[in-house]
Amino acid sequence: MRSWLFVLSLALLLLSFTGFAEVETPLPIRFVEQASSAGLNFVLENNPTATKHLIETMAGGLAVFDYDGDGRPDIFFTNGAEVPALRKSSPKYWNRLYRNEGGMKFRDVTEEAGVAGTGYDMGAAVGDYDNDGRPDLFVAGVNGSTLYHNLGNGRFEDVTAKAGIKNKGWAVAAGWFDFDRDGKLDLWVVHYTKWQLPDNRYCGDSNRGIRVYCHPKYYQGLPSTLYRNRGDGTFEDVTDRAGLAQFAGRGMSVAFADYDHDGFPDVFVTNDNMPNFLFHNKGNGTFEEVGLVTGTALRDSGKPVASMGVEFKDYDNDGQPDLLVTALSGETFPVFKNDGKGNFVDMTYSSRLGAAAITYSGWGLGLFDFNNDGWKDLFTANSHVNDHVEQFESYTYREKNSVFANCGGTFRDVSQEAGLNLVKAHRGATFADFDGDGRVDAVVTSLGEPTELWRNVSPTPQHWIMLRLHGVKSNRDGIGAIVRIGNQYAEMNTASGYASSADWGLHFGLGNVSVVKTIDIVWPSGTRQKLTDVKADQVLSVTEQ
C-alpha cells in the first residue's frame with residue numbers, strides 16, 4: 001500500500017512540475033522520402049554570390065492548395081532570381097506549380113497556370129479573397145510582390161496593380177485573415193528590413209578571407225502592411241489607421257489565432273533578433289501590440305532570438321492556442337503556452353522541447369498529428385543561416401530535419417526513428433495528406449538542392465478525420481472558424497510555418513475512436529454548428545448553416 005502511494009505521489013509531483021501526464025511510449029512516426037518518384041524535381045535557386053547578399057540565405061517559402069478543385073492538394077514553390085538584377089532571367093528561377101495527379105504523382109503546370117513570376121520571391125499565402133470558391137495566391141518578394149487571381153480554368157491572372165497591392169520593401173511572408181469579420185479575407189504582409197543593392201557591407205573574418213551573411217542588427221526593420229479587402233476586387237492599405245505603422249521589426253513569419261476568445265483574430269509576427277510582436281485585435285479596426293505584457297515577445301531569459309517560423313495552435317489539448325517558434329542552434333525552439341487568461345507562459349523547457357531542440361536551427365515547421373494519436377507532433381525543417389558557421393562556432397550549417405512526438409503535452413525527439421536522414425540547408429516546409437491515406441505528409445525546400453517529399457508511413461493504424469470548411473455568411477474558406485472534437489481545439493488558417501501556406505482543411509487524429517460523437521464549429525460570423533455521430537476516416541465537407 002505504501003509503495004502504491006509513493007508511486008502516486010511521484011506521479012502527482014511530476015504532473016505539478018510539468019503540467020502534463022507524459023505518455024511513456026508515443027506511437028511510432030515514420031517517413032519515406034519520395035520526391036523523385038513523385039515527379040517533384042524542383043530545385044530552390046537562391047543564387048548565392050561571393051558578396052553574401054542577405055536575401056540569398058532566406059529564400060524557400062511554399063504553399064499547398066487545391067488550385068483546380070479536383071480534391072487533391074497541389075504544391076507551389078517560390079524561387080529566387082539572378083543577382084544583382086533580381087530578375088528571373090532563366091526558367092531555372094521560375095516559381096513552380098505542381099499539380100497532384102493522384103497516386104503520389106505530380107506534374108509541373110507552371111507555364112499553363114501562368115505563375116512563373118518575375119522577381120526574387122520568398123513567401124506564399126493562399127486564400128479565396130473574392131469568395132468565388134477558388135483559392136487565390138499571394139507571392140511575397142524582395143523587389144515586388146504579386147497577387148494572382150485564380151480564374152478557375154487552370155490559370156491565374158496577375159492582378160497586383162488592379163487590386164491596389166503596392167511594393168513596400170522586402171516582403172518575406174504574408175497571410176490571409178478576416179480581421180474585421182465582414183466575410184472578406186484581408187491580407188497581412190510581413191517585411192524584413194530596408195535592403196537594396198548594392199549591399200557591400202563586409203561581415204566575417206577578412207584576415208582569413210571568410211565572408212558571411214551579416215547579422216540582422218546591421219539592418220533597419222520595417223512595419224507589416226495590412227490591406228483591407230473592399231469586396232470589389234481591390235484592397236485598401238489601412239496600416240496607419242489600424243495602428244501598425246509605428247511597429248517596425250525584422251519580420252520573418254506571421255500566424256493568426258483568437259488567443260483571448262473575444263471573437264476577433266489576433267496576429268503574431270516573429271522578429272529576427274528582436275522582440276516578437278503580438279497584435280491584439282481590438283475589434284474596432286485597430287490593433288494594440290501586447291508582446292511584452294503577454295509574455296510572447298521574449299523568452300523568460302529576456303534575450304531576443306532569431307525567431308523564424310511560427311505555429312499558433314493548441315499543442316497541449318487544453319483548448320487554448322499556443323505559440324511554437326523556430327530559432328537558431330543554441331537558442332532552442334521557444335514554446336509559449338496560453339494560460340487562458342490573456343497571457344502566455346514560457347514552457348520551452350518544461351515542455352521538454354528546449355533540451356530536445358537546443359542543437360537544431362529551425363526554419364519551417366508544422367504542428368500536426370503525424371501518428372493520429374490525438375496529440376499534435378512537431379516537424380521542423382533545419383539548417384543554420386550561416387554557411388560558414390563551422391569555422392566560427394561548434395554548430396553545423398546543413399542539418400537533418402527533425403520531428404518531435406507529442407507525449408501528452410511534452411515533446412520527444414524521434415527524428416532518427418522517423419527516418420529523416422537527409423542533410424541539407426533546409427528552409428520552407430508545409431504539410432498535407434497528399435495521397436489521401438489520412439496521414440499528414442511533409443514537403444521541404446532546401447537551398448540549391450532538390451525538394452524533399454516526406455510521405456508519412458507511420459505503421460500503427462489509427463483513426464482520423466479531415467474537415468473542409470465552406471463559409472456562407474463567413475469568408476468562403478472558413479478562415480477563423482474554430483473546431484472542437486473532444487479535447488482537441490483547432491482554428492482554420494492557411495498561414496503555416498516559415499513564409500509558407502497550407503489550404504487543405506483541418507486534420508484531426510482520433511486514436512481508436514471510429515465514430516466522432518460531436519464536432520462543434522464556431523464560424524467567423526458567430527454561427528454555431530454541431531455535427532453528431534460522424535464516421536471517422538473520411539474527408540468531410542462542411543457548409544456553414
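Asp-182 is partly exposed, at 27% relative accessible area (the cut-offs: buried is under 20%, exposed is over 50%, partly exposed is in between, with a 1.4 Å probe and protein chains only). This is a predicted model, where local features need pLDDT of at least 70, side-chain atom pairs count only at pLDDT 80 or more, and totals for chains, interfaces and linings use all residues. Residues are numbered from 1 along each chain as its sequence is written, and side-chain values use heavy atoms, with hydrogens and water left out.

Which residue does Asp-182 meet in a salt bridge? That would be Arg-228, at 3.6 Å from N to O (a salt bridge puts a side-chain nitrogen of Lys or Arg within 4 Å of a carboxyl oxygen of Asp or Glu). Asp-182 sits in the loop between strand E10 (171-177) and strand E11 (186-191), while Arg-228 is in strand E14 (residues 225-229), so the pair ties together parts 46 residues apart in sequence. Strands are DSSP runs of at least two residues, numbered from the N terminus. Arg-228 is partly exposed too, at 26% relative accessibility.

## Other salt bridges

The structure holds 24 salt bridges. In one of them, Asp-70 pairs up with Arg-99, with the closest N and O atoms 3.2 Å apart. This pair links distant parts of the chain: Asp-70 is in the loop between strand E2 (62-65) and strand E3 (74-77), and Arg-99 is in strand E4 (residues 96-102), 29 residues apart. Asp-70 is partly exposed, at 27%.

Then there's Asp-205 with Arg-208, whose closest N and O atoms are 2.9 Å apart. Arg-208 counts as partly exposed, at 46% relative accessibility. Salt bridges with shared partners also build one network out of Asp-68, Asp-70, Arg-72, Arg-99, Glu-101, Arg-107 and Glu-112.

A pocket here is an open set of points on a 1 Å grid over the protein atoms alone, where a 1.4 Å probe fits, with protein on both sides within 12 Å along at least five of seven lines; lining residues have an atom within 4 Å of a point. The largest pocket has about 490 Å³ of space, counted as the space filled by probe spheres set on the points. Its lining has 23 residues, with His-215, Leu-328, His-384, Val-385 and Asn-386 nearest the centre.

The second largest pocket has a volume of about 400 Å³. Among its 20 lining residues, Gly-133, Pro-135, His-470, Asp-477 and Asp-503 are closest to its centre. Strand E31 (residues 463-470) gives the largest share of that lining, 4 residues.
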